[in-house]
Amino acid sequence: MSEKRVAVITGGASGIGKHTAIKFASKGDRVVIADFNEKLGDETVAEIVAKGGEAFFVKTDVSNYEDVERLVQTTVDTYGRIDVMFNNAGIGRLTPVLDMDLNHYHSVINVNQHGVAHGIIAAGKKMRELGIKGVIINTASVFGYLASPGTFAYHATKGAVIMMTKSAALEMAPYGIRVIAVAPGVVDTPIIQGYKDQGMVDEMKQKVMGNKLTQPEQLADTVYLLSLEEASAINGSVVMADEGYAS
Ligand code: NAI
């Protein structure tokens with residue numbers, strides 16, 4: 001029997017990341033959940049283990065490169081390999097550009113942009129070192145290319161995720177490592193459940209075909225499919241998982 005795959009999932013304690021961790025584990029992959037929310041991370045691990053899956057939690061702040069390097073090394077020390085890196089942790093704080101506090105701007109960039117860069121670099125280096133033809137999947141957003149009010153910093157980060165994906169894919173292809181971005185539209189997770197202005201969520205919902213919120217399980221299914229060998233022709237692409245979100 002071939003060795004089990006190992007998938008690292010940042011932001012794996014909640015929402016899209018949590019459901020992706022559950023999906024990979026249900027398919028027999030070993031899962032490493034990385035998040036700075038220890039309580040929710042432990043709960044997700046317990047849920048996976050209770051269903052017979054294999055997982056452990058590593059407390060990680062993706063905005064800190066040493067943390068992400070340690071995450072990747074701990075994964076390899078524990079399971080011997082790393083096949084999938086899902087750079088998904090993100091924050092969605094809203095502030096109009098003309099009310100922008102620079103600390104707010106930098107905090108969004110640090111997590112959503114630098115956090116993804118750290119994961120691409122640390123996982124890519126380790127996959128190359130071990131000769132693993134792995135896959136790195138990054139969470140972008142429709143807001144990586146469509147503008148909406150109040151999301152100046154968020155737009156900047158998601159646009160960056162798209163171009164970092166294309167750039168890294170180009171350079172990692174010779175090593176057999178794929179790099180892909182997945183771009184959700186409006187997903188029913190705590191990030192949007194926490195918006196003070198739920199009227200804004202209703203407006204976004206109306207831009208989705210069928211006027212509905214995408215469920216995090218649907219994103220988990222998409223990420224899982226992209227990780228498979230059968231998706232080997234998908235590389236450097238931004239895969240829209242937005243149910244037709246229109247501006
Ligand atoms: P969520 O809030 O349920 O999950 C985000 C997770 O990231 C949380 O567990 C949080 O603790 C973790 N996290 C935040 N900062 C971190 C850090 N510095 N280090 C480690 N972990 C950190 O939200 P959701 O919706 O599951 O978001 C996941 C990704 O999907 C984000 O990148 C978000 O921008 C993106 N996205 C979400 C959409 C939505 O409508 N929910 C739409 C498009 C993209």
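Which residues does T222 touch, not counting residues up to four places away in sequence? The views below end with that residue. The model is predicted: local features need pLDDT of at least 70, side-chain atom pairs count only at pLDDT 80 or more, and totals for chains, interfaces and linings use all residues. Residue numbers start from 1 along each chain as its sequence is written.

View 1. Helices (H or I, at least four residues) and strands (E, at least two) are DSSP runs, numbered from the N terminus. Strand β1 spans residues 6-10, and five of its five residues are buried. A residue is buried if 20 or more other C-beta atoms lie within 10 Å of its own, exposed if 12 or fewer, and partly exposed in between, with C-beta atoms placed from the backbone. In a regular strand the side chains alternate between the two faces of the sheet. In β1, V6, V8 and T10 are on one side and A7 and I9 on the other, and all are buried.

**View 2. The parallel partners of β1.** Two strands pair if DSSP finds at least two bridges between them. β1 runs parallel to strand β2 (residues 30-35), joined by five bridges, and R30 is the bridge partner of V6. Three bridges join β1 to strand β4 (residues 84-87), also in parallel; there M85 is the bridge partner of V8.

**View 3. Two β-α-β units that include β2.** β1, helix α1 (residues 15-26) and β2 form a right-handed unit. A crossover is right-handed if, with the strands pointing away from the viewer, the path from the first strand over the helix to the second runs clockwise. β2, helix α2 (residues 38-50) and β3 also make a right-handed β-α-β unit. Six bridges pair β2 with strand β3 (residues 54-59) in the parallel sense, and D35 stands opposite K59.

**View 4. I33 in the nonpolar core.** A nonpolar core is a set of buried Ala, Val, Leu, Ile, Met, Phe, Trp, Tyr and Cys residues joined through C-beta atoms within 7 Å. The largest one has 66 residues, of which V8, A21, V31, I33, A123 and V182 touch the most other members. Leaving aside residues up to four places away in sequence, the contacts of I33 include I9, A21, V45, A55 and F57. Contact here means C-beta atoms, placed from the backbone, within 7 Å.

**View 5. The shell around the ligand.** The ligand is surrounded by 31 residues, and the closest are G11, S14, G15, G90 and T189. Elements giving two or more residues to this shell are α1, α4 (102-130) and α6 (190-193). By class the shell has 14 nonpolar, 15 polar and two charged residues. Ala, Val, Leu, Ile, Met, Phe, Trp, Tyr, Cys and Pro count as nonpolar, Asp, Glu, Lys and Arg as charged, and the others, Gly among them, as polar.

**View 6. N211, with a positive phi.** N211 is not a glycine, yet has a positive phi of about 50 degrees. N211 is in the loop between α7 (198-206) and α8 (216-227) and is exposed, because 10 other C-beta atoms lie within 10 Å.

**View 7. T222 in helix α8.** T222 belongs to helix α8 and is buried, because 20 other C-beta atoms lie within 10 Å. Not counting residues up to four places away in sequence, T222 touches V182, V239 and A241.

Note on methods
Two residues are in contact if their C-beta atoms, placed from the backbone, lie within 7 Å. A residue is near a molecule or strand if its C-beta atom, placed from the backbone, lies within 6 Å of it.
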